[in-house]
Amino acid sequence: MPLDAARPVGLVDHAIDQLRKSVASGEWPVGTRIPTEPGLASALGVGRNTVREAVRALAHSGILEVRRGDGTYVRATSEISGALNRMYGSKLREVLQVRRCLEVEGARLAAVARTDDDLIELRGLLARRDALDAAVDRDEFSRADALLHLAVMRASHNEVLIELYRGLTEVVTDSVAITSTMDPHVGHAELIEAIAAHDADRAGHEAGNFLDDLIGDLAEQDNSASI
């Protein structure tokens, strides 16, 4: 996606908007280094100070990360994900609690609203996820697990919930990567079968049960560390 030259009014806001679109569109994937400050200034038709302010604002929101002597990298695709991405290392339990709030209701709605096509997709993603070994390739396993959870949200057919959850994709993936070492045998077959059976209560229970276990394990670790 080519960057548009800036208009005379709101140069910094325009630059922020253009940089954010390059991230959100996937042109600059998470983990990649964005163009240099002079390159961005030229593409946007603005001064380097304007680019610097825009990058600083997006770094503050968690979307970009400035590494001195190395460049600026994409850290997250949205402000929500970026904010939680900064906190998950020290506040993983809070991240899991947020996931629980969304995933339990998402599973309940999916059990009511899912279509046959949704069910085919869910079972396919479950098979892909279960074929992977978290101990062998944690990154690939984490991505597969996160895609399965996102598919459950899509099966809810609640657009607000889907967009909210999609904004947390990186955080969900990171939390899976961390917690997969705590309990590598967590499965989701019962969750998918509850959705298949249109059993909203059981789907909600299955969605929340494993997260409750992880949250409880983290609480025990915190208590042990404080003794």
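Is His198 buried, partly exposed or exposed? His198 is partly exposed, since its relative accessible area is 45%; here buried means under 20% relative accessible area, exposed over 50%, and partly exposed in between, with a 1.4 Å probe and protein chains only.

Before I continue, the basis of the values. This is a predicted model, in which local features need pLDDT of at least 70 and side-chain atom pairs count only at pLDDT 80 or more, while totals for chains, interfaces and linings use all residues. Residues are numbered from 1 along each chain as its sequence is written, and side-chain values use heavy atoms, with hydrogens and water left out.

I stay with the backbone for a moment. His198 has a positive phi of about 60° although it is not a glycine, and it is found in the loop between helix 10 and helix 11. Helices (H or I, at least four residues) and strands (E, at least two) are DSSP runs, numbered from the N terminus. His157 likewise has a positive phi of about 60° without being a glycine. The loop that holds His157 is the one between helix 7 and helix 8, and His157 is partly exposed at a relative accessible area of 43%. As background, most residues other than glycine have a negative phi.

Val66 has Thr72, in strand 2, as its bridge partner. The hairpin has three residues between the strands, and Gly69 in this hairpin takes a positive phi near 80°.

I turn now to helix 6. This helix covers residues 116-130, has 15 residues, and reaches 21 Å from its first C-alpha to its last, close to the 21 Å expected at 1.5 Å a residue; the expected span is 1.5 Å times one less than the number of residues. Its buried residues are Asp118, Leu119, Leu122, Leu125, Leu126 and Arg129. Seen down the axis of helix 6, these buried residues fall within an arc of 130°, so they line one face of the helix; the arc is that of the directions from the helix axis to the C-beta atoms. The face turned away from the buried side carries the exposed residues Asp116, Asp117 and Ile120. What covers the buried residues of helix 6 includes helix 5 (92-113), helix 7 (138-155) and helix 10 (189-196).

Leu122 leads us to the core. The largest nonpolar core has 31 residues, and those with the most contacts inside it are Leu122, Val152, Leu191, Ile192, Ile195 and Ala203. Such a core is a set of buried Ala, Val, Leu, Ile, Met, Phe, Trp, Tyr and Cys residues joined through side-chain atoms within 4.5 Å. Helix 5, helix 6, helix 7, helix 8 (159-166), helix 9 (169-179), helix 10 and helix 11 (200-226) each supply at least two residues of this core. Its largest share, eight residues, comes from helix 7.

Which residues does Ile195 touch? Not counting residues up to four places away in sequence, Ile195 touches Ala107, Ala110, Ala111, Arg114, Leu122, Val152 and Ala203, contact meaning heavy atoms within 4.5 Å.

Finally, the charged pairs. A search of the whole structure finds 19 salt bridges, each a side-chain nitrogen of Lys or Arg within 4 Å of a carboxyl oxygen of Asp or Glu. Glu193 forms one with Arg123, the closest N and O atoms being 3.1 Å apart. Glu193 lies in helix 10 and Arg123 in helix 6, so the pair ties together parts that are 70 residues apart in sequence. Glu193 is partly exposed at 36% relative accessible area, and Arg123 counts as partly exposed at 38%.

Asp70 forms a salt bridge with Arg33, with the closest N and O atoms 3.5 Å apart. Asp70 is in the loop between strand 1 (64-67) and strand 2 (71-74), and Arg33 is in the loop between helix 1 (11-24) and helix 2 (37-44), 37 residues apart. By contrast, Arg166 and Glu163 both lie in helix 8, three residues apart, about one turn of the helix; in their salt bridge the closest N and O atoms are 2.3 Å apart. Lastly, Glu37, Arg48 and Arg52 are linked in a network of salt bridges.

How values were computed
Pairing = 2+ DSSP bridges.
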